[in-house]
Amino acid sequence: MNIGIGVIGVGVMGADHVNTISTAISGAEVRAVFDIDPSRAARVASSVPGAKPLSSAQSLIEEFEVDALLIASNDATHAQYVLSAIAAGKPVLCEKPLAPTVAECEKILCAEQMAGLRMVQVGFMRRFDPGYVEMQRRLVSGIIGRPMLAHCSHRNADVPSGWTSEMTVLGSAVHEIDVMPWLFGKKVIGVNWMAPSSAITAKFRDPQVLVLELEAGALVICELFVKCGYGYEIRCEIVGEKGTIELAPLASVRVRSDFKMQTDFASDWRGRFAEAYRRELQSWVNGVIRWRSSKEQTEFGPVNGPDAWDGYCGAVVSEAVLRSMAYSGRMGVAFQPLPELYRKCRDALAYA
Ligand code: ISE
């Protein structure tokens, strides 16, 4: 019998998850959805046989046919829904960021601690992307020796109106902030934020450059350009002492015609990371099924991927980046006290 999923927030990402669960995931089905816009909830629910729209997030969390929750609502609402789900004893997959502030993430860690097990998985889907997974495998094999440096670019064709410089950090850069320490196997210990001047995006800073300093002296240089205009593109090259490893462009074609050679870009991340999202969802569903049927309950509970601790680390680093941005207005400053923050919470809450 499939587990029942309730989805909170069925905008761009939530609707995409509903579609993936319904068409490509085994062991689960969407049984209820909630959205701040009732007509959107009704539309998405009508696309899935057996799914119903509910009129509040709390009723969806408490719905007895819903065994586990997927949260894809506005970032500012994540913490409240995650906390309610933990209180209801239901596993959660929460889209990134776990919450926009460190204080909210701490509340979530405390709630898990009180519950005695990890309930929350965080949607850092790049950890499931075949390209990043292969990069990690090659790094661990030692083929390029000790990794020293990474060059990343993260470009969106465009962003909605009302976008801010902070959103680029909290909503976009948070992926590099999560995946690069994961690849290197090292924590971030310092950050530096900078931005060139740009007339086109006068309302917010774009592009931005982040430099993350990792333990053991490695550096990650990230360009974030969310209004690049030409398409969605993610690049990453890691430079080691004996070579480099680079994400290769996705399987695609090159067209030669009319004196041009062309390759298409995806318009947004859903196409580029479709397989990563599918693997992330399947892994989470497998974890929930295993947890529900297992007699031996471990502290890892249903989580089968990045957890609330990873979400918390993302928030710690993002807040440091925002401080660097606010402090300088333009050129960043090296920011050091990150290890203290990690230690404080890890020791208090016994997270590894
Ligand atoms: C978006 O919200 C995502 O999650 C994408 O993965 C990211 O690449 C994009 O920059 C964000 O806006």
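Trainee: Which residues are buried in helix 5?

Mentor: Val 102, Cys 105, Ile 108, Leu 109, Ala 111 and Glu 112 are, buried being under 20% relative accessible area with a 1.4 Å probe, protein chains only. Keep in mind that the model is predicted, so local features need pLDDT of at least 70, side-chain atom pairs count only at 80 or more, and totals for chains, interfaces and linings use all residues. Numbering runs from 1 along each chain as its sequence is written, and side-chain values use heavy atoms, without hydrogens and water.

Trainee: What follows helix 5?

Mentor: Gly 116, with a positive phi near 85°.

Trainee: Switching to pockets: what volume does the largest pocket have?

Mentor: About 1200 Å³. A pocket is an open set of points on a 1 Å grid over the protein atoms alone, where a 1.4 Å probe fits, with protein on both sides within 12 Å along at least five of seven lines; lining residues have an atom within 4 Å of a point.

Trainee: Which residues are nearest its centre?

Mentor: Of the 42 lining residues, Ser 73, Asp 75, Lys 96, Trp 163 and Trp 269. Helix 7 (165-184) gives the most to this lining, five residues. Helix 1 (12-24), helix 4 (78-87) and helix 8 (269-272) each supply at least two.

Trainee: Where do the domains come in for that pocket?

Mentor: Domain 1 (3-125 + 273-307 + 337-348) and domain 2 (127-268) each give at least three residues to its lining; the bounds come from an automatic or database assignment.

Trainee: How many residues are in contact between domain 1 and domain 2?

Mentor: 20 residues of domain 1 touch 17 of domain 2, contact meaning heavy atoms within 4.5 Å. Over C-alpha atoms, the domain centres are 26 Å apart.

Trainee: What about the second largest pocket?

Mentor: That one is about 720 Å³ and has 27 lining residues, with Glu 233, Ile 234, Pro 249, Leu 250 and Phe 265 nearest the centre. Strand 11 (233-240) contributes the most to the lining, with five residues.

How values were computed. Grid points are joined across faces, edges and corners, and a volume is the space filled by probe spheres set on the points. Helices (H or I, at least four residues) and strands (E, at least two) are DSSP runs, numbered from the N terminus. Buried means under 20% relative accessible area, exposed over 50%, partly exposed in between (1.4 Å probe, protein chains only).
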